[in-house]
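Work through these exercises with the sequence and the 3D view side by side. Try each task before you read its solution.

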Amino acid sequence: MNIRLHRAGIAGSILREISEHPDTWGCGTLLAGKRIMVEFSCPNTNKPLHLGHLRNDAIGESVARILKGAGAEVRKVNLINDRGIHICKSMLAYKRFGGGSTPESEGVKPDHFVGNYYVKFDAWSKKDENADAEVRQMLKAWEQGDAGTMELWKTMNSWALKGIEGTYARTGIVFDQVYYESETYARGREEVLKGLEQGIFYRDEQGTVWADLTDIGLDKKVLLRGDGTSLYLTQDIGTALARQQDWPFEKLIY
């Protein structure tokens, strides 16, 4: 069939409908009664948001609005990756090269200020073979609650978060709840150790804890390093448990 539409007339009628029903036009009940969580953005606190985050934020916010328009109850969540080797790299570089400077004293947006030291670590580590060993030691000290390490971490994290939150405010991105890796990794670690005791996971000769998922067509994954420190996957387990407990959902879209 060949069909001709009067474009101006059709567009005009659609625009009239939108103006008459601005809050409900295009909405439906397809997902009514469904609880859907949408996770997006998830920055690290060792550098500012970048173009990839802008894309991710736009997609996440759009998906959440589309799901709401289809009748779902939607919860937008963010996971701030505020601990780990990468965070310690910017901390160690600041400790070595910062000289007590601050974002205010340098006149730099605070998340960019922290990010500059992450770049400094990269340059330093290429010249000093001991840099990587030092940063691993710092992570271990952090997980053991060393007072000096924790104080430096809180200071630099506050700088990074202030800058990141400023970017969210400028771009109109809002979350219903924000999770922090520093708060969920411990629970994930506990679950991994429970799984190790139950024989769900295994430890190799280097002391590394693994999950073998080959029987379901996936890979083997490290859950704890040989020195006992945690990885992204460790905290992902703790975060998943916390989210389902906080707001039981039927689907989570990453």
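**Exercise 1. Find the residues with the most contacts inside the largest nonpolar core, and the elements that build this core.**

Step 1. Know the source. The model is predicted: local features need pLDDT of at least 70, side-chain atom pairs count only at pLDDT 80 or more, and totals for chains, interfaces and linings use all residues. Residues are numbered from 1 along each chain as its sequence is written, and side-chain values use heavy atoms, with hydrogens and water left out.

Step 2. A nonpolar core is a set of buried Ala, Val, Leu, Ile, Met, Phe, Trp, Tyr and Cys residues joined through side-chain atoms within 4.5 Å. Buried means under 20% relative accessible area, exposed means over 50%, and partly exposed lies in between (1.4 Å probe, protein chains only).

Step 3. Read the core. The largest one has 24 residues, and M91, Y94, F121 and M156 have the most contacts inside it. Two or more residues come from each of α3 (85-97), α5 (110-127), α6 (131-143) and α7 (147-171). The most come from α3, which gives 7 residues. Helices (H or I, at least four residues) and strands (E, at least two) are DSSP runs, numbered from the N terminus.

Step 4. Look at M91. Leave out residues up to four places away in sequence, and M91 touches M138, T149, L152, W153 and M156. Contact here means heavy atoms within 4.5 Å.

Step 5. Look beyond. Another core lies apart, with 12 residues, including L49, V74, I164 and F175.

**Exercise 2. Check the span of α3, then list its buried residues and what covers them.**

Step 1. Use the rule. The expected span of a helix is 1.5 Å times one less than its number of residues.

Step 2. Apply it. The 13 residues of α3 should span 18 Å, and the end C-alpha atoms are 18 Å apart, so the two agree.

Step 3. List the buried residues of α3. They are I85, H86, I87, C88, S90, M91, L92, A93 and Y94.

Step 4. Find the cover. It includes α5, α6, α7 and α9 (232-246).

Step 5. See what comes next. G99 follows α3, and its phi is positive, near 60°.

**Exercise 3. Is N46 buried or exposed, and what does its side chain meet?**

Step 1. N46 sits in the loop between β1 (35-39) and α2 (51-69).

Step 2. Classify it. N46 has a relative accessible area of 0%, so N46 is buried.

Step 3. Find the polar partner. A polar atom of the N46 side chain lies 3.4 Å from the backbone oxygen of H86. A polar contact is a pair of N or O atoms within 3.5 Å; within protein, one must be able to donate a hydrogen and the other to accept it, and residues adjacent in sequence count only if both atoms are side-chain atoms.

Step 4. Beyond four places in sequence, N46 is in contact with H86, I87, S90, V114, G115 and Y118.

**Exercise 4. Which side chains make polar contacts with the side chain of R83?**

Step 1. R83 lies in the loop between β2 (73-80) and α3.

Step 2. Classify it. R83 counts as buried because its relative accessibility is 1%.

Step 3. Name the partners. R83 is joined to E143 at 2.4 Å and to E181 at 3.1 Å.

Step 4. Widen the view. Neighbours within four places aside, the contacts of R83 include L139, W142, W153, S182, Y185 and S230.

**Exercise 5. How many disulfides are there?**

Step 1. Set the rule. A disulfide is a pair of cysteine sulfur atoms within 2.5 Å.

Step 2. Count. The rule gives 0 disulfides.

Step 3. The nearest cysteine sulfur is that of C42, 20 Å away.
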